[in-house]
Amino acid sequence: MAILQPLIDMAEICYQQGIRHVVISPGSRSAALTLAFARHGGFQAHVCTDERSAGFIALGMAQQIDSPVVLICTSGSAAYNFAPAVSEAFFQQIPLLVLTADRPKEWQHQYDGQTIYQTGIFGQHVKRSFEVSPDYQHSDVQWAINRVTNEAINLASIAPNGPVHINVPIREPFYPVAGEDFNASGAVRIIHRQENEVVWPQAVWEELLDEWEAASKILIAGGQGKPDAALNRVLDRIIEEWQIPVLGDCIANLSGKEIIRHHDLFLGADGAENLRPDLLITFGMSFLSKEFKQFIRKNPPRYHWNISEDAFLADPFQSVTRDIPGKATVFFENLFEKLDYQSFVENSDLGHDTSYYSFWVQNERKARQKKHEMLKNLSSFGDLTLLDCIFKYVKNKYQLHISNSMSVRYANVLATENEWSGVFANRGTSGIDGCLSTAIGAARVNGQPTLLVVGDVAFLYDRNGLLIDNLPQNLKIVVLNNAGGNIFRMIDGPGNLPELETFFETRHSFSARRSCEDSGIAYFRVSDLAGTEGIVKEFLDFDGIALLEGFTDPVENTRAWKALKRAVY
């Protein structure tokens, strides 16, 4: 008898709690877990051999559906390979339910295969880590597994969302024999947890409104966040009716026409200190723009409100004066309602300096114009000209995924005028690992055309994501191949070192061509300006998954990027 009923019930609990996707990395010790989900019939099972890639594929899915995705692996080092994705999910607040099969504790240090310390293996990079007992026949253990599964799912889904780990020691035998049924027992019990809604007391609002009235120059800035139509609507009203500048990097997913997007290009210019706010209101997660962070640190506001659902006090600008818990959308809707009513009752405007808004808008429009002029006059082929051409011809409402290092910085300047359905990047830990796999996971569930822009090193590092069965046909991949880590040439420190090419850029001669051949991906390449436009159009029009590899010169890329920065200053 190898039916481990509590594990079958675990799958049923996941299903009844609304989970529909499970990413499985094959293994023996995890067989009972794998079969519990695979034979359930209610899950879409995605199989990926490499646990590191599997973790990011699950992350990409959960990122899109905003619901936990189950990750399953066998015992031993397999679990450790989930760690990069788990840490990214933790800092990006993406819900995952990580199930790692394990061997019973008595087999540690007995030279038994795939036996390591798995209890709490992800440390502080999960919201909580659980471990169940392998004595599945005991009624208390059955009750505990039911409770723990419910608690783990609820924890993953309660703001701030994040990964939760359950370590599952399993004794042999764990393979079923013919005729054994995989049906949930009558003991399955679902435990729902009600979320608390944040309500800000009237006394708090009075303090906030007093600070608002004391501030002449008011700036709103959004960090990384998912597309939110309600948030964009209320921010559009604040911009239009009150003339208050709203700033956001491309990963903030702010869609208003007058959003300040090119601050990266002008905050280092002379006279930028006049843009210093009296009141700064921030929301969202990480800010991509180093220029904006440095600008606020050098020019701190008198008041700084940060709206966040995070469990930690985040103060990357070193200027926060109020940490306001809650959803940004709800806060701004309440703020607008209260200030609008106050303005109506008093029959007066809000009293802030609207010329401050005009100053931001003038700088934004000037930077955008200078950018277009510089790109129009750029006569050499490189990363900038290739991406400018791609973003020019992207049709429909593509979802954009961007790898880290230079790709996301390019996009923050060049991809600002497209109507993306969403812009995503792994900025939780900002590593290059998993960018391809994340986009693959997202494309498998988002049901829309998806474009990934990725550097050559990041692509090569994550090629095992292509090992998943049935690659999504709605995915287009652009690889910027400058034969190394070009960002190190852009940075003043390593860029001036004689060891640059060997120890930082790590020069190479690899290409994505053979990876495409192995995986059945249509392959396009471009290496000169003359043929770029035609190849880009052909690539984007191709019906199915395709990859365009652009071969560029790192020296030319560096020159063009610095010239773009100078053009605006």
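This is a predicted model: local features need pLDDT of at least 70, side-chain atom pairs count only at pLDDT 80 or more; totals for chains, interfaces and linings use all residues.
## The open parallel sheet

The strands β1, β3, β4 and β6 also belong to an open sheet of six strands, whose order is β2-β1-β3-β4-β6-β5 and whose pairing is parallel. At its edges lie β2 (44–47) and β5 (129–131), each of which pairs on one side only. On average, neighbouring strands of the sheet are turned by 20 degrees against each other, direction ignored.

Within the sheet, strand β3 (residues 69–73) and strand β4 (residues 96–102) are joined in the parallel sense over five bridges. In this pairing, Val70 stands opposite Leu97 of β4. Helix α6 (residues 139–157) packs on the sheet and touches β4, β5 and β6 (163–169). The direction of α6 makes about 160 degrees with that of β6.

## Packing of α3 against α5

Helix α3 (residues 51–65) and helix α5 (residues 83–92) pack with their axes 8 Å apart, at an angle of about 25 degrees. Because angles under 35 degrees count as roughly parallel, α3 is described as roughly parallel to α5.

On the α3 side, the contact is made by Arg52, Gly55, Phe56, Leu59 and Gln63. The residues contributed by α5 are Pro84, Ala85, Glu88, Ala89 and Gln92. By residue class, the contact of α3 with α5 divides into five nonpolar, three polar and two charged residues.

## The chain as a whole

The secondary structure of the chain amounts to 22 helices and 17 strands. Its radius of gyration is 26 Å, close to the 25 Å given by the globule rule for 569 residues, so the chain is as compact as a globular protein of that length. The C-alpha trace spans about 75 × 65 × 45 Å along its principal axes.

Of the 569 residues in the chain, 56% are buried. Among contacts between residues at least 6 apart in sequence, 78% join residues at least 24 apart.

Definitions and conventions
Residues are numbered from 1 along each chain as its sequence is written. Side-chain values use heavy atoms; hydrogens and water are left out. Two strands pair if DSSP finds at least two bridges between them. Helices (H or I, at least four residues) and strands (E, at least two) are DSSP runs, numbered from the N terminus. Axes are lines fitted to C-alpha atoms, for helices over the stretch in contact, and angles run from 0 to 180 degrees between N-to-C directions. Contact means heavy atoms within 4.5 Å. Angles under 35 degrees count as roughly parallel, over 145 as roughly antiparallel, 65 to 115 as roughly perpendicular and the rest as oblique. Ala, Val, Leu, Ile, Met, Phe, Trp, Tyr, Cys and Pro count as nonpolar, Asp, Glu, Lys and Arg as charged, and the others, Gly among them, as polar. The radius of gyration is taken over C-alpha atoms; the globule rule is 2.2 Å times the number of residues to the power 0.38. Buried means under 20% relative accessible area, exposed over 50%, partly exposed in between (1.4 Å probe, protein chains only).
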